[in-house]
Amino acid sequence: MKVLATLIATLIVALLAGCSQPGAAKSGATPNPSAYIQNKGSDTMVNLALAWAERYQQKHAQVSLSVTGGGSGTGITSLLNGTVDIANASRAITAAEIQTAKTNGFEPVEFSVARDAIAVIVNPENPVKHLSLQQLSQIYRGEINNWQVVGGENRPIVRLSRETNSGTHVYFLETVIRLGNSNDKAIFSADTLLLPSSEGIIAELRDNPNAIGYDGLGYVTPEVKVIAVSKQDGGPYILPSAATVDDKTYPIARDLYMYTHGQPSGAIKDYLDWVVSPEAQQIVTDLGFVPIIKK
Amino acid sequence: MNDQNARREFVITWIIKLSGYSSILFVCLIFFFLLREGLPALVDTSLASLFGTRWYPIENYFGILPLVLGSLVVTLGALLISVPLGLITAIYISEVASRWEKEILKPLIELLAGLPSVVLGFLGILVLVPFLRRFLDLPTGLTALAGSILLGLIAIPTIVSISEDALNSVPHSYREASLALGATRWQTIWRSTLPAARSGVLTAIMLGVGRAIGETMAVMMVTGNAPVMPQGLQALFRPVRTMTATIASEMGEVANGSPHYHVLFFIGIVLFVFSLVVNITASSISNQRRKRSERLLS
């Protein structure tokens, strides 16, 4: 499914790049781009990176961008191997990866390009409106197994999660289940359903009032209900939104990054400068992510 | 002229021979590759960990037991569904149906075999899973049972077409003799035709099992993929994670040469051995049949 999404994403960029210059296409030759930027990584970010690439290529015909997904880890590995120019990552680069980069003779440079809230979602029929991080942790560890315990109906809790290769899965494990404590070795309860896609999670949540799940705010549809989350038991309970991510009151939010091979220059630098411009950050808002700059 | 013909004959014989042997070569190469990539798992992780009960590879829990049992539960469930249905369908087509019914039914069942499993999985998510949850009042419809039903549908065409062939090859004289002795139509089918075709029917079932245990996409979409240890009969109504789904969803992201990578190949070896056993059983049964019919003819 992931491979397919990646393939389609690449195709769309290629097509749009072709379509944006109908005149050139008619003359029988595609315009010779003076710069070719390879961009790869996080699946959470692939739609965003794609939208940026489309818009940027419309304005700068001389630049050609290719965007692929595959996961944050895959993107960073490709950057370390020198096969991409920009790696997208929904998590920060690790110390081990920086070390590898240094032995390969360069220093990866980090750019925060957007922010993303992870929304906790349930079926609209579920009367539970809010949960604390502590309660979420206990639910996903398998210590709370009935909605009654957290103020809901007498129903079993069905835990949903993305597969273990997802950056979102790892972030949720560290921030929610282990509550940010790096010495904690707790893991997901064994009966957590690991679904291969965001669509799978939404489909099950839409239908099943027993289920609880999580996903990037950009992927949440109106068919499911978003839960307000608090850092401490007893509140205040905060719903995820651009405002609450910005003022850091919503507890499950993270930065989205782009990494480059040393300090960027030329076309790559121009592109990264544009990515944090108001125009590009408007696309961030449109896709349901949180911009890093205020309008 | 003659010389040229002989040379041509020689070349053609060799081409045919090579293509015949190439499939053996490919199977051997695949098996050696699996062994080379999978056996280091025994060194990377302790045996106790490999046959443990918890699968969570990103924290180095490599217990493959829930995955093996998960595959078995789903396949067993598929058998419970596809064997009776497939067998009855085959009997109907071969023994009861009129000519025009036969002409409609056979192509339709073969069409079922051609249905891509991802399409079945999609229908499963949208229709079967919500239905199972409501109808059986389960916590979630993403269960082994949902996978079993889809796999049953996938195995049915194999079982039907092979056992129908077996039933057809039972000599007509058997049926005539049975009917002449005063047996009813049902008694003829149940007591004489079906036993005569027994080995062909068993082959059909084994091939159906082989089809079911290796299926990936449909299973991954509807079984929930939770690596829980199946406990008792109720395991059928709980989520499971199969070996095939695990390989499919994790192979893409795993670092080359890591313990996780080796363990995934080790699961591949287990899967390979499973289908090898199933196929060997199937072919030994059908060889038996040939010997017996030879005996009958002599």
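Mentor: Quick definition before we start: two strands pair if DSSP finds at least two bridges between them. Also, this is a predicted model.

Trainee: Okay, so how many bridges join β5 of chain A to β9(A)?

Mentor: Three bridges join strand β5 (residues 130-132) of chain A to β9(A), so the pair meets the cut-off of at least two. The two strands run parallel.

Trainee: And what's the bridge partner of S132(A) in β9(A)?

Mentor: S132(A) is partnered with S230(A) there.

Trainee: Which way does β9 of chain A run against β4(A), parallel or antiparallel?

Mentor: Antiparallel, over three bridges, with β9 of chain A covering residues 225-230.

Trainee: What about β4 of chain A and β10(A), how many bridges join them?

Mentor: Nine, and the strands run antiparallel; β4 of chain A is residues 108-122. F111(A) has M258(A) of β10(A) as its bridge partner.

Trainee: Then how do β3 of chain A and β10 of chain A pair?

Mentor: In the antiparallel sense, with four bridges between β3 (residues 86-89) and β10 (residues 253-261). A89(A) has Y257(A) in β10(A) as its bridge partner.

Trainee: Switching topic: what does the domain assignment of chain A give?

Mentor: Domain 1 is 9-116 + 255-286, and domain 2 is 117-253. Their centres, taken over C-alpha atoms, are 30 Å apart.

Trainee: How many residues of domain 1 of chain A are in contact with domain 2 of chain A?

Mentor: Nine from domain 1, meeting 13 residues of domain 2. By class, the domain 1 side of that contact has no nonpolar, six polar and three charged residues.

Trainee: Now the chains. How many residues of chain A are in contact with chain B?

Mentor: 25 residues of chain A contact 22 residues of chain B. On the chain A side, α1 (2-19), α4 (72-81), β7 (193-195) and α8 (198-207) each supply at least two residues. α8(A) gives the most, with four residues.

Trainee: What's the make-up of that side by class?

Mentor: The side of chain A that touches chain B has eleven nonpolar, nine polar and five charged residues.

Trainee: Over to chain B helices. At what angle do α6 and α7 of chain B pack?

Mentor: About 140°, with the axes of α6 (residues 117-136) and α7 (residues 144-168) 10 Å apart. Angles over 145 degrees would count as roughly antiparallel, so α6(B) and α7(B) come out as oblique to each other. Their crossing is right-handed.

Trainee: Which residues make the contact?

Mentor: Among them are L120(B), G124(B) and L128(B) from α6(B), and A146(B), I149(B) and L153(B) from α7(B). The residues of the α6(B) and α7(B) contact divide into ten nonpolar, three polar and no charged.

Trainee: And α7(B) with α10 of chain B, at what angle do the axes cross?

Mentor: Roughly 155°, and the axes of α7(B) and α10 (residues 198-214) come within 8 Å. That angle is why α7(B) and α10(B) count as roughly antiparallel to each other. The crossing of α7(B) and α10(B) is right-handed.

Trainee: Which residues meet in α7(B) and α10(B)?

Mentor: The α7(B) set includes I154(B), T158(B), I162(B) and D165(B), while the α10(B) set includes V201(B), A204(B), G208(B) and R211(B). By class, the contact of α7(B) with α10(B) has eleven nonpolar, five polar and two charged residues.

Terms used. Residues numbered from 1 in each chain as written. Chains lettered and ligands numbered in written order. Predicted model: local features only at pLDDT ≥ 70, side-chain atom pairs only at ≥ 80, totals over all residues. Contact = placed C-beta atoms within 7 Å. Nonpolar A, V, L, I, M, F, W, Y, C, P; charged D, E, K, R; others polar. Domains from an automatic or database assignment. Axes fitted to C-alpha atoms, helices over the stretch in contact; angles between N-to-C directions. Parallel < 35°, antiparallel > 145°, perpendicular 65-115°, else oblique. Left-handed = near helix turned anticlockwise from the far one by under 90°.
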